[in-house]
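Welcome! Below you will find the sequence and the structure side by side. Take a moment to look around, and then read on for a guided tour.

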Amino acid sequence: MKRRTKIVVLGCALLLTAGAASAATASDAPRERTTASDAPRQREAAALTGTAKLYRSAGDDITFSFDAHLAAKDKADPSKATGTFEFSHYLNGEGARAEVKVDCLLTGGKVAVVSGVVTDSDLPGAKGKRVGVTVHDLGRHDRLGYSWASTGSPVDTKELPKCVSSAPFEKVAKGTGDFTVVPWQPEL
């Protein structure tokens with residue numbers, strides 16, 4: 001019995017030694033070259049994503065959804081932002097919705113301003129109009145503003161420049177604020 005135990009212990013010691021030697025050799029060996037797909041992704045320059053409903057005591061159903069991005073390679077030019085955003089406003093079964101193609105995205109800290117041109121809408125006269133939206137990402141208490149705040153309708157806004165909106169004066173409905181802002185960090 002003693003001889004068998006010695007052989008097992010000696011065999012385990014040899015295996016451990018061989019494993020340690022192999023590990024040392026493998027760690028000393030030159031590493032394989034990584035490909036572009038293996039390299040860490042560069043952080044995008046800015047982004048605004050998420051969906052929320054606005055709070056209105058009258059019961060209006062107002063929803064905004066964003067999927068706007070500024071690639072790292074375009075860091076110096078916010079007008080190269082891509083993506084879309086959508087908004088809708090309904091009350092008592094009446095209202096409208098719009099889809100927008102992003103043409104500018106500026107972010108600073110947890111605040112984003114995005115603009116774009118309406119590509120599809122059931123609001124007469126909205127298609128082809130530029131609109132802007134501001135989001136303040138405050139976690140569960142996000143806020144939002146929009147370029148037509150003072151005119152009442154995106155249709156009534158005349159020749160809005162890119163990346164222009166209002167202060168984020170609207171509150172999102174409880175439990176719906178999931179906006180995420182990736183801050184822009186331009187080289188100054």
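## The disulfide

Let us begin with a link between two cysteines: a disulfide joins Cys104 to Cys163, with an S to S distance of 2.2 Å. Please keep in mind that this is a predicted model. The structure holds one disulfide, and with -105 degrees about the S-S bond, the link of Cys104 and Cys163 is left-handed.

Which parts of the chain does the pair link? Cys104 sits in strand β4, while Cys163 belongs to the loop between β7 and β8 (170-171). The two cysteines are 59 residues apart, so the pair links distant parts of the chain. Are Cys104 and Cys163 buried or exposed? Both Cys104 and Cys163 are buried.

## The chain as a whole

Now step back and look at the protein chain. How many helices and strands are there in the protein chain? There are one helix and nine strands. From the N terminus on, the order of elements is α-β-β-β-β-β-β-β-β-β.

The protein chain has 188 residues, of which 32% count as buried. Its accessible surface comes to about 12,000 Å², and 56% of this surface belongs to carbon and sulfur atoms. Among contacts in the protein chain with a separation of 6 or more, 54% are between residues 24 or more positions apart.

## The nonpolar core

In soluble globular proteins, nonpolar side chains tend to be buried together. Here, the largest nonpolar core has 30 residues. Those that touch the most other members are Leu48, Phe64, Phe66, Phe85, Val114, Val133 and Leu144. Which elements give two or more residues to this core? They are β1 (46-53), β2 (61-70), β3 (82-91), β4 (94-108), β5 (111-121), β6 (130-136) and β7 (143-146). With five residues, β2 gives the most to this core.

Leaving aside residues up to four places away in sequence, Phe66 touches Leu48, Thr49, Gly50, Thr84, Phe85, Val114, Val133, Val135, Leu144 and Phe179.

## A buried aspartate

Next, find Asp103, which lies in strand β4. Is Asp103 buried or exposed? Its relative accessible area is 11%, and because buried means under 20%, Asp103 is buried.

## Two positive phi angles

Most residues other than glycine have a negative phi. With that in mind, look at Asn92, which is not a glycine and yet has a positive phi of about 55 degrees. Asn92 is found in the loop between β3 and β4, and at 74% relative accessibility Asn92 counts as exposed.

Cys163, a partner in the disulfide, also has a positive phi of about 55 degrees, although it is not a glycine. Cys163 lies in the loop between β7 and β8. With a relative accessible area of 12%, Cys163 is buried, whereas Asn92 is exposed.

How values were computed:
Residues numbered from 1 in each chain as written. Predicted model: local features only at pLDDT ≥ 70, side-chain atom pairs only at ≥ 80, totals over all residues. Heavy atoms only, no water. Core = buried A, V, L, I, M, F, W, Y, C linked by side-chain atoms within 4.5 Å. Buried < 20%, exposed > 50% of the residue type's maximum accessible area, 1.4 Å probe, protein only. Helix = DSSP H or I, 4+ residues; strand = E, 2+ residues; numbered from the N terminus. Contact = heavy atoms within 4.5 Å. Disulfide = S-S within 2.5 Å. Areas by Shrake-Rupley, 256 points an atom, 1.4 Å probe, with all protein chains shown as cover.
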